Amino acid sequence: MLKELRLFLLAILLLSCGLLYRLTLKSSCLLSCLASNKSQQGLGALLGKGRSIVFLETSERVEPPPLVSCAVESAAKVYPEQPVVFFMKGLSHSMQMPPNSTSPAFSLLSAIDNVFLFPLDMERLFEDTPLFSWYTQINASAQRNWLHVSSDASRLAIIWKYGGIYMDTDVISVRPIPEENFLAAQASRYASNGVFGFLPHHTFLWGCMENFVEHYNSHIWGKQGPDLMTRMLRLWCKLEDFQGVSDLRCSNLTFLHPERFYPIPFPEWRRYYEVWDTVPIFNDSYALHLWNHMNKEGRDVIRGSNTLAENLYQKHCPRTYRDLVQGPAGLVTRKLGPGNK
């Protein structure tokens with residue numbers, strides 16, 4: 001009887017060890033398994049319907065800061081039935097994080113059902129576009145503003161090939177954009193390239209890529225970005241000043257009023273990091289551009305600060321706020337929640 005009891009306990013112990021080992025393996029592959037399972041859907045299948053929301057990271061960075069995480073999460077929240085695709089140059093083609101990387105933001109975004117993380121392969125992306133010969137002949141290391149220039153080119157090619165909406169990684173979505181073919185006005189008669197959307201193979205974007213190559217100059221910041229969009233729009237449309245908060249329409253695209261994305265203009269970007277007497281609702285906006293390029297002071301969202309940016313995080317990217325935003329003591333909450341919405 002004692003011998004049988006010992007054998008029974010030994011079997012239970014071995015079974016428990018096996019179960020623990022399987023759980024450990026499952027936990028250790030969580031990140032790569034999530035990416036692998038999602039990648040099976042295929043980039044073409046995801047983007048082919050022309051309804052994706054697209055973000056880009058053209059540096060080697062693979063650990064998104066809170067603002068980037070908030071931008072992607074907020075888009076996934078506003079467009080729950082549409083794929084939100086984040087292209088990251090630093091990702092390997094196996095869709096996995098580099099060795100020894102423990103990015104809570106990467107894990108957070110991977111766990112959101114409609115967020116998909118893909119490597120950014122520019123040479124392949126530029127195939128069959130006017131940008132291909134330019135990219136294959138240029139010496140990237142000798143270019144000024146290369147991160148911005150390469151991002152400007154990539155967003156044109158992606159939206160031309162697949163359609164959808166492109167957004168900068170410092171744009172917080174607040175409500176759906178109802179337009180299919182649109183540019184965003186940064187100011188009257190001046191277009192942004194931080195947010196735009198088109199159906200696949202739109203001739204406006206093909207013209208933008210041709211103009212990109214013809215007038216390429218990396219020494220002038222914005223020449224391949226908002227300046228390009230503006231000069232092409234002036235060829236496409238007879239621009240007029242906005243009346244009230246109405247959008248402008250010409251041909252088969254819409255030029256959206258500055259209130260849609262830029263209710264706080266770039267000279268006033270610090271207002272996002274200030275405390276307001278009354279938090280604005282932004283009823284006329286679809287998304288908010290936080291002007292991170294202007295933020296040379298390194299201002300950030302601090303838990304408990306009650307700034308406008310903190311209020312936006314709490315409302316539009318609650319996971320990012322919960323898991324990534326630092327408190328006044330410099331501590332970070334990093335409890336990762338489940339992958340459900």
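Biologist: Which residues does Q224 touch, not counting residues up to four places away in sequence?
Modeller: This is a predicted model, so please read each value as computed from it. Leaving out residues up to four places away in sequence, Q224 touches D152, F212, H215, Y216, N217, S218 and R231.

Biologist: And where does Q224 lie?
Modeller: Q224 lies in the loop between α9, which covers residues 203-214, and α10.

Biologist: Is Q224 buried or exposed there?
Modeller: Q224 is buried, because its relative accessible area is 2%, and buried means a value under 20%.

Biologist: What does the side chain of Q224 reach?
Modeller: The side chain of Q224 reaches the backbone oxygen of H215 at 3.1 Å, and a polar atom of that side chain also lies 3.3 Å from the backbone nitrogen of N217.

Biologist: You listed S218 as a contact of Q224. Where is the place of S218?
Modeller: S218 is also placed in the loop between α9 and α10, and with a relative accessibility of 3% it counts as buried.

Biologist: Which side chain does the side chain of S218 make a polar contact with?
Modeller: The side chain of S218 makes that polar contact with the side chain of Q143, at 3.3 Å. If residues up to four places away in sequence are not counted, S218 touches Q143, R144, N145, V149 and Q224.

Biologist: New topic, then: how many disulfides does the count come to?
Modeller: The count comes to two disulfides. One of them joins C70 to C317, with an S to S distance of 2.0 Å.

Biologist: Which parts does the pair of C70 and C317 tie together?
Modeller: C70 lies in helix α4 (residues 66-78), while C317 lies in the loop between α11 (308-316) and α12 (318-324), so the pair ties together parts that are 247 residues apart in sequence. Both C70 and C317 are buried.

Biologist: Is the link of C70 and C317 left-handed or right-handed?
Modeller: The link of C70 and C317 is left-handed, with -85° about the S-S bond.

Biologist: What about C237, which residue does a disulfide join it to?
Modeller: A disulfide joins C237 to C250, with an S to S distance of 1.6 Å. C237 lies in the loop between α10 (226-236) and β8 (248-250), and C250 lies in strand β8, 13 residues apart.

Biologist: Are C237 and C250 buried or exposed?
Modeller: Both C237 and C250 are buried.

Technical notes
Residues numbered from 1 in each chain as written. Predicted model: local features only at pLDDT ≥ 70, side-chain atom pairs only at ≥ 80, totals over all residues. Heavy atoms only, no water. Disulfide = S-S within 2.5 Å. Helix = DSSP H or I, 4+ residues; strand = E, 2+ residues; numbered from the N terminus. Buried < 20%, exposed > 50% of the residue type's maximum accessible area, 1.4 Å probe, protein only. Polar contact = N/O pair within 3.5 Å; in protein donor to acceptor, adjacent residues only side chain to side chain. Contact = heavy atoms within 4.5 Å.
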